[in-house]
Amino acid sequence: MSLILGWVFDGSSFTALAQATETDAKIAAEVSALAQWSAPVNGLVARVDFVDTWRYTGYVVLVQLRNVGATPLRVPMGNSPDSRLARLFELHKLHQKGEWQRVPWMPGEHLDGDGPEVNRGGVLYGGIASGQDFERTPVVLQPGEGAQVYLWGDRATADGGGFTEQLRIRLLLSDKQLTQLATGENGATPSKGKVSSSKGGSRLASVPDWTGEIQTPAFPVRKATRLHEYRRGSLECPTVVAPFSYSLGSPLNRDFWGPQLPALERCNAALNEAINLYEPTQMRRILESRTTENASPLARLMIASLVAPLGSESAKAFLQSRADATDFEEVREFHEALSTLLHGYGKDAPTWALVLMEKVLTDERKLTFNAERGPASGLTSASRVLEHATKDGRLAVALARTQCAGAFSVLEANFKRYPTHEGALALGLLSDLRAGPLLMDQLLRRIQSAQPRGSLAKLELDWLASALADLHIKDAAPLLMQLRPTPVVIIAVGQLGDLKARDWLQKLMEGEEASSSERRSSSQEVKSAAKIALAALEPEHRVTRFEELLKGPFADKWKEVNVVREMAALEDSQLVPLFLTLAATSQNKHVVRTSVEHLGEMRARQAVPVLLEIVNRSFDPDSETFITSYTGAKHRSNVYRALETISGQDFGDDWAQWENWWKGQPESAAR
């Protein structure tokens with residue numbers, strides 16, 4: 001009773017409970033708002049269900065159309081791949097000034113009427129490269145039924161080089177457009193799946209095509225991404241789910257020597273990611289039917305790995321049966337499917353999946369090859385299933401990233417059987433202290449075996465060092481100092497914080513090489529790593545030492561970025577002022593990016609005024625063609641994402657709201 005009374009009268013507990021309840025209610029309201037439909041137009045409603053702005057398939061928007069009328073309707077399932085035809089589904093984006101503006105789906109698109117043939121190029125534009133330009137045939141919706149519409153375009157064009165905050169889709173379909181699509185007017189060739197066609201043939205010939213103008217409610221893209229986990233299984237599943245692409249993408253972008261399943265998954269990345277949003281029972285039925293109907297082993301593997309987490313017993317049985325294969329090509333595709341399966345389950349990986357993983361990761365059976373095709377990827381017939389799973393498929397790492405409760409026992413069994421650098425990396429990623437003795441024992445074995453030379457041996461020792469540093473196994477420092485001092489090993493020693501390493505690091509920094517093996521190391525890289533390690537070694541001296549380090553000079557921009565990343569890895573609040581200075585003044589935009597991201601991860605509230613000041617920083621050049629370039633648009637999105645993480649607020653890219661919120665905070669008044 002005293003415990004209960006103590007809790008009841010604890011004011012801070014009441015405050016925390018009230019805040020948690022308020023947060024839960026806010027999230028529930030936001031999730032509900034994302035599922036709102038448009039007003040009905042001629043018996044049809046519409047909404048955006050999912051947006052993917054950062055995938056190999058380009059810019060993808062999944063829209064659901066639902067027949068709320070009393071009679072059947074035929075509706076389009078997407079825009080025509082014929083670039084000369086006007087888009088039935090228009091893309092509209094909300095800009096910073098609060099004005100909605102229509103933006104193109106692809107380069108060269110005419111926003112008014114029909115456009116010319118666009119030379120999009122299979123290599124440049126992800127949608128084409130991934131085989132997304134096939135015709136999606138219109139479907140007939142009975143009253144109460146829904147259809148998932150797949151819309152795509154080129155990422156750089158549709159998104160303006162940055163991240164969309166809000167968008168909406170307008171479907172505009174008139175009798176004139178229906179005629180043009182059916183007859184191929186304006187020089188266009190009639191499409192195979194023209195709007196006036198139907199799957200049901202003459203039996204459905206009397207079903208009218210829907211016409212009119214309908215607009216989805218605004219869809220807050222970044223908010224939806226943040227709320228994705230809360231939306232799992234919450235949406236009504238459409239009766240008709242957009243068809244998968246069974247293309248493997250552009251031959252110029254495909255690795256013919258590697259597994260083909262990743263290429264198939266890239267072609268369907270947005271669809272695969274969105275599957276778990278819908279009510280699972282109906283989605284499971286749809287996907288199970290596709291597994292049964294599809295004769296392609298590759299497609300069946302992909303679908304089974306997606307539907308198993310929805311509770312499909314048939315998919316579970318199919319995947320379990322694939323574990324008996326030893327043919328090299330079958331095995332490598334199966335391992336890719338297991339990675340997808342683990343991603344689908346996340347932390348909730350069930351016992352049967354863990355049992356299957358342990359079977360694969362300890363499987364000593366020899367791989368076999370088709371004699372006509374010969375050995376693949378340079379492997380020999382002596383290779384084992386577990387070797388492939390650990391080295392090529394990297395299943396151990398995929399399992400570690402799930403952070404599921406049963407992962408350690410599986411990874412322990414694998415590492416004892418086959419101690420590779422990927423296995424060490426997986427144990428480090430899992431952050432389970434039970435892995436410490438395993439890794440220490442392996443490190444001692446490597447030292448006692450006179451450190452076999454070669455690039456692979458060096459890589460394995462580097463991963464061991466990194467894993468021990470990730471787990472903060474301080475006793476590893478004396479052993480690591482016996483290794484050849486590679487930059488990775490040196491930095492790991494600094495992160496472990498053993499003060500006995502100071503003299504060793506000092507000698508390396510000053511270039512005092514104690515052995516011939518050290519002389520073979522890259523002198524400059526060793527000195528640089530020793531400086532970083534010394535800066536990290538003693539918390540009380542970190543700020544001063546990193547300030548000196550950041551004065552340079554640096555051989556190139558990435559050397560400076562590396563120093564900043566190593567600073568961030570320490571997660572030391574003492575270094576926050578340094579990150580603030582870098583974010584505000586550094587001329588290296590990649591340093592700015594890393595600094596902003598780290599300030600968000602540290603939830604550094606003192607960073608708020610600085611972030612508000614630098615949100616519109618420009619870079620030279622501000623736009624680059626490479627997809628991962630850090631442009632002004634991406635910087636703004638990065639800053640607002642950091643502000644959301646720090647504050648728990650969600651004002652999107654509305655700078656005025658952020659400023660007003662900050663002015664109302666006690667820290668702001670104190671300044």
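Predicted model: local features only at pLDDT ≥ 70, side-chain atom pairs only at ≥ 80, totals over all residues.
A pocket here is an open set of points on a 1 Å grid over the protein atoms alone, where a 1.4 Å probe fits, with protein on both sides within 12 Å along at least five of seven lines. Lining residues have an atom within 4 Å of a point. The elements that give two or more residues to this lining are α17 (421-430), α19 (455-470), α21 (487-496), α24 (523-537), α25 (542-549) and α26 (557-569). Helices are DSSP runs (H or I, at least four residues), numbered from the N terminus. α24 gives the most, with six residues. The pocket holds about 1,000 Å³ of space, the volume being that filled by probe spheres set on the grid points. Its lining has 16 nonpolar, nine polar and seven charged residues. Asp, Glu, Lys and Arg count as charged; Ala, Val, Leu, Ile, Met, Phe, Trp, Tyr, Cys and Pro count as nonpolar; the others, Gly among them, are polar.

Residues are numbered from 1 along each chain as its sequence is written, and side-chain values use heavy atoms, without hydrogens or water. Local features need pLDDT of at least 70 and side-chain atom pairs count only at pLDDT 80 or more, whereas totals for chains, interfaces and linings use all residues.

α21 is largely enclosed by the rest of the structure, because seven of its 10 residues are buried. Buried means under 20% relative accessible area (1.4 Å probe, protein chains only). The buried residues of α21 are Val489, Ile490, Ile491, Ala492, Val493, Gly494 and Leu496.

Two helix pairs were examined. Helices α16 (residues 407-417) and α18 (residues 435-448) cross at roughly 10°, and their axes come within 11 Å. Axes are lines fitted to C-alpha atoms over the stretch in contact, with angles from 0 to 180 degrees between N-to-C directions. α16 and α18 are therefore roughly parallel (under 35 degrees). Helices α9 (residues 280-293) and α10 (residues 297-307) pack at about 160°, with axes 9 Å apart. That makes α9 roughly antiparallel to α10 (over 145 degrees).

Ala607 sits in the loop between α28 (589-601) and α29 (608-614). Ala607 is buried, with a relative accessible area of 0%. Its C-alpha atom is separated by 9.6 Å from that of Ala583, 24 residues away along the chain.

Methods:
Buried < 20%, exposed > 50% of the residue type's maximum accessible area, 1.4 Å probe, protein only. Parallel < 35°, antiparallel > 145°, perpendicular 65-115°, else oblique.
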